[in-house]
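Please try each task on the coordinates before reading its solution.

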Amino acid sequence: MLINENQRRRSPLARAAITIALLLPAIRLVTGPASLGSFAGAAVASGEGAQAAGATNNAPTVAGKTAPAIKTPWGEPDLQGIWTRDVDIPLQRPTKYGDREFLTDAERAELDRRIADIVSRDSTDTRRVRGTERDVNAEFVQAPFTMHLPVGKRTSLIIDPQNGRIPPLTPEAQKARAVLRQFQLALLQPTSACKEQLPGCAGGKYGPVSPRRNETPGMYLTASINRADGPEDRSLAERCFGGTLPDFGSWVGGFSRIVQAHAEVSIFYDIGSGLGRYRQIPITTAPHLRGNVRQWWGDSRGRWEGNTLVVDVTNFSPKSDFQGAHENLHLVERWTRLDADTIEYVVTIDDPTTWTKPWTVKQELKKQSDAANRIYYEPRCHEGNFGLPALLRGARVAERAFSEARGPDPATLCIVINGCGGFVRGGFADEGRDADPFADPVR
């Protein structure tokens with residue numbers, strides 16, 4: 001682990017406060033009011049739109065009057081607690097809504113009804129024959145593994161550009177994406193995904209085993225290809241590198257826990273299936289790390305602007321991946337406690353080598369009960385990740401069986417999780433997702 005000079009100077013008391021808070025045992029997330037004594041002011045009902053009208057200066061309101069901002073014992077704005085989203089809003093706005101920012105109540109009710117119908121259909125889908133590649137490889141997107149939330153009022157998390165869409169890719173980024181996609185399709189072409197023209201093979205065609213089967217990729221892979229020669233052929237999530245920064249809530253309903261000490265903010269992100277991770281944000285005027293020091297989730301530097309925590313993030317690794325952005329990704333995050341139950345998270349995302357202009361996302365997170373939730377804070381994906389070694393072992397067994405004329409050519413079998421038949425569409429957020437079966441689901 002890299003330790004910068006600011007961390008070396010941090011007081012033992014500050015380090016102890018963060019360590020003790022993050023090591024509390026826990027098992028599951030339960031929605032409820034914040035524990036007594038954790039903040040001053042009246043509690044606000046959980047749910048979208050719970051912020052009292054007329055709130056100003058980032059402070060909660062009590063009986064229509066502006067109340068003092070919630071502070072820590074040492075006088076900094078208090079962002080502490082367990083936070084998660086409670087409505088389903090797509091990252092990108094479905095194009096049919098144009099520049100319209102909000103849905104009507106009737107539209108939300110209809111979308112909720114349609115989602116309930118889709119979930120019911122998914123659980124009894126007779127098109128997916130039990131034991132087939134499509135059945136097995138769709139395991140992690142079935143209803144039992146996916147949280148379906150009520151539809152939110154807003155039509156997209158993106159607030160800038162006005163159309164609620166991610167800006168166009170630069171020509172260089174388009175070329176890089178096309179190169180990767182063509183390689184993926186080449187390895188898929190002899191499989192049932194292409195033979196049946198399923199969404200996983202969109203843009204490809206059915207044919208014989210490609211001579212590219214044994215090709216070394218020209219880039220570091222962050223998404224799966226239809227091969228398992230080694231862990232580098234598999235997606236970041238399969239290798240326990242799932243989760244991105246910025247984080248808008250995992251597709252299985254992730255949460256964040258914020259803990260503060262003097263001049264330090266620590267966030268634990270739950271990503272699902274033991275794939276949690278920690279993030280340390282020093283409150284400092286010190287410069288970023290040198291340009292040759294790169295980290296998976298970048299180098300964060302925080303400062304307070306009134307009641308808002310502003311975090312500047314640079315120095316990402318070339319191997320990290322957010323929507324196709326790598327080492328040139330630059331984030332400016334703004335965390336503001338709106339009231340006792342709500343944090344507003346706003347992030348401006350910029351990478352001039354990936355997008356033609358910066359774009360901004362806004363999300364409201366709701367506080368969960370400190371008393372009712374017991375969260376397991378030790379990231380444990382690697383220790384419990386039997387799936388990846390089993391997948392690699394299965395590939396070797398299939399190769400041996402084929403060499404002994406006891407099984408099919410492994411190249412004709414689709415082993416791309418979620419990519420053989422395509423995603424199960426189960427929520428409003430899916431309407432705003434790019435139709436890329438290999439892209440990590442980002443809400």
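**Exercise 1. Find the largest nonpolar core, name the residues with the most contacts inside it, and state which elements give two or more residues to it.**

Solution. Start from the definition: a nonpolar core is a set of buried Ala, Val, Leu, Ile, Met, Phe, Trp, Tyr and Cys residues joined through side-chain atoms within 4.5 Å, where buried means under 20% relative accessible area, exposed over 50%, and partly exposed in between, with a 1.4 Å probe and protein chains only. The largest such core has 35 residues, and those with the most contacts inside it are F248, W335, I349, W355, W359 and V361. Next, assign the members to elements, taking helices (H or I, at least four residues) and strands (E, at least two) as DSSP runs numbered from the N terminus. The elements that give two or more residues to this core are β6 (264-269), β9, β10, β11 and β12, and β11 gives the most, with four residues. For a view from one member, take I349: when its neighbours within four places in sequence are left aside, I349 is in contact (heavy atoms within 4.5 Å) with P246, F248, F322, L329, H330, L331, W355, P358, W359 and V361. As background, in soluble globular proteins nonpolar side chains tend to be buried together.

A note on the basis of these values: this is a predicted model, in which local features need pLDDT of at least 70 and side-chain atom pairs count only at pLDDT 80 or more, while totals for chains, interfaces and linings use all residues. Residues are numbered from 1 along each chain as its sequence is written, and side-chain values use heavy atoms, with hydrogens and water left out.

**Exercise 2. Search the whole structure for aromatic pairs, and classify the pair of F322 and W355 and the pair of W335 and Y345.**

Solution. Rings of Phe, Tyr and Trp (its six-membered ring) pair if their centres lie within 6.5 Å; planes under 30 degrees apart count as stacked, over 60 as edge-to-face and the rest as tilted. The search finds seven aromatic pairs. The ring centres of F322 and W355 are 6.5 Å apart and their planes stand at 70°, so this pair is edge-to-face. It links distant parts of the chain, since F322 is in the loop between β9 (308-314) and β10 (330-339) and W355 in the loop between β11 (342-350) and β12 (359-368), 33 residues apart. Both F322 and W355 are buried. The pair of W335 and Y345, by contrast, is tilted, with 4.4 Å from centre to centre and 45° between the planes. Because W335 lies in strand β10 and Y345 in strand β11, this pair ties together parts that are ten residues apart in sequence. W335 is buried at a relative accessible area of 3%, and Y345 is buried at 2%. Finally, ring pairs link F248, F322, W355 and W359 into a cluster.

**Exercise 3. Over which rings does R277 lie?**

Solution. A charge sits over a ring if NZ of Lys or CZ of Arg is within 6 Å of the ring centre and within 35 degrees of the ring normal. R277 lies over the face of Y269, at 4.3 Å from the ring centre. The charged end of R277 also sits over the ring of W297, 4.2 Å from its centre.
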